[in-house]
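Visitor: I would like to learn how to read a few features of a protein model. Please take one feature at a time.

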Amino acid sequence: MSDDSVADGTRSTVDVGDRCPDDPAERLRDRVVSRGPPAFRRTRASNAVEWKSLRGNTSQDCARVVTVRFGSAPSLLVILNEEERVALMPIPARKNVFARSLALLVAVTGLMAGLLTGVADAHGSTTDPPSRNYGCWQRWGSDFQNPSMAQQDPMCWQAWQADTNAMWNWNGLYREGVAGNHQGAIPNGQLCSGGRTGGMRYAALDNPGQWKAVTKPRQFTLTITDQARHGADYLRVYVTKQGFDSTRQALGWNNVDLVATTGRYAPAGTYQVAVNAGSRTGRHVVYAIWQASHSDQSYYFCSDVIFQ
């Protein structure tokens, strides 16, 4: 246990515990502070932060568990060693010590099981235009408990309420073993959740409504970010037919047209494809499939746009 002074004189409590190898307290603290959500980064100068490390089920799996207090609502942050993945979830604030300790244990157990088992697999999304869960993470990841989200961004609000991990794991919406038969694997009405992959984690992304949309010209470049540099066998991009109303109807295969398909991409941080939406105008959904090269993993992304 040690105290660390920061620039404004505030002191943060650091408890490294059984830390991961070759990762001293200073490097661990600086890495999480720099890579965590903005609201978490601000806590370094204003709140007490406790740091611990947990072991996964292999020698390479090592997770850092950080408890952070946002006002009166403490939260749990987990960052994984190898992949720099971050997950944040609330811990009940108004409970006795035993209840809060139990909640913390349950949270840590669930996160370790859910994150460490797939650490090498879940690493990308459409970032321009942003996929639904990536956009919700972008806009609200630093303030996801703010009740004003319900009025300002109601579709993100319902998604956060349904499962916070859909946003913290914005890069994990994939299926394995599809073997190219995407329409056979993904039922109508479940395209945005990848056929409810991961159980109900991403199911709220299928819900029709006023998802925040970005304005795009009818000819634009779509960007997929690949954090793990898996490479791509191909990308396929679909756009909804003119007249489809995504605010009232969940997306189905008969609602989209294939507008772009590519060949292979060598492993890189981003992959881009030129998209021509034709004469479409107004609100639409851009649906992208990224077939990763490292194994039979298919990633599925819904992005809401308004064509000029």
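Visitor: Is threonine 221 buried, partly exposed or exposed, and why?

Guide: The model is predicted. The class of a residue follows from its relative accessibility: under 20% is buried, over 50% is exposed, and partly exposed lies in between. Threonine 221 has 38%, so it counts as partly exposed. Threonine 221 sits in strand S10.

Visitor: Which residues does threonine 221 touch, leaving out those up to four places away in sequence?

Guide: Threonine 221 touches Asp128, Gln272 and Val273. A C-alpha separation can be read alongside this: the C-alpha atoms of threonine 221 and valine 275 are separated by 5.9 Å, although the two residues are 54 apart along the chain.

Visitor: In what order do the three strands of the open sheet stand?

Guide: Strands of a sheet pair through backbone hydrogen bonds, either parallel or antiparallel. Here the order is S7-S10-S13, and the pairing is antiparallel. Strand S7 (124-128) and strand S13 (270-276) are at the edges with a single partner strand each, so one side of each has no neighbour in the sheet. On average, neighbouring strands of this sheet are turned by 30° against each other, direction ignored.

Visitor: How many bridges hold each pair in this sheet?

Guide: S7 and strand S10 (residues 219-226) pair over four bridges, and S10 and S13 pair over seven bridges. Isoleucine 224 can be followed across the sheet: in S10, isoleucine 224 is the bridge partner of threonine 126, and in S13 the bridge partner of isoleucine 224 is tyrosine 271.

Visitor: Which side chains along S13 point to the buried face?

Guide: In a regular strand the side chains alternate between the two faces of the sheet. In S13, Tyr271, Val273 and Val275 point to one face and are buried.

Visitor: Which strands are joined to S15 by bridges, and in what sense do they run?

Guide: For each pair, read the bridge count and the direction. Strand S8 (residues 174-176) is joined to S15 by three bridges and runs antiparallel to S15; arginine 175 stands opposite serine 298 in S15. Strand S9 (residues 214-216) also has three bridges to S15, but these two strands run parallel, and valine 214 has valine 305 in S15 as its bridge partner. S14 and S15 run antiparallel and are joined by ten bridges. A hairpin of four residues connects S14 to S15, and glycine 282 has phenylalanine 307 in S15 as its bridge partner.

Visitor: How many of the eleven residues of S15 are buried?

Guide: Ten of them are buried, and S15 is mostly covered.

Visitor: What do the buried residues of H4 pack against?

Guide: Begin with the buried residues themselves. In H4 these are Arg132, Asn133, Tyr134, Gly135, Cys136 and Trp140. They pack against several elements, including S7, helix H6 (154-162), strand S14 (282-292) and strand S15 (297-307).

Visitor: How many cavities of 30 Å³ or more does a search of the whole structure find, and what lines the largest?

Guide: The search finds two. The largest cavity has a volume of about 80 Å³. Among its lining residues are Pro130, Trp211, Lys212, Val214 and Asp304. Helix H4 (residues 132-140) gives the most to this lining, with three residues. By class, the lining has four nonpolar, two polar and four charged residues.

Technical notes
Residues are numbered from 1 along each chain as its sequence is written. This is a predicted model: local features need pLDDT of at least 70, side-chain atom pairs count only at pLDDT 80 or more; totals for chains, interfaces and linings use all residues. Side-chain values use heavy atoms; hydrogens and water are left out. Two strands pair if DSSP finds at least two bridges between them. Axes are lines fitted to C-alpha atoms, for helices over the stretch in contact, and angles run from 0 to 180 degrees between N-to-C directions. Buried means under 20% relative accessible area, exposed over 50%, partly exposed in between (1.4 Å probe, protein chains only). On a 1 Å grid over the protein atoms alone, a cavity is a set of points where a 1.4 Å probe fits but cannot get out, and a pocket is an open set with protein on both sides within 12 Å along at least five of seven lines; lining residues have an atom within 4 Å of a point. Grid points are joined across faces, edges and corners, and a volume is the space filled by probe spheres set on the points. Ala, Val, Leu, Ile, Met, Phe, Trp, Tyr, Cys and Pro count as nonpolar, Asp, Glu, Lys and Arg as charged, and the others, Gly among them, as polar. Contact means heavy atoms within 4.5 Å.
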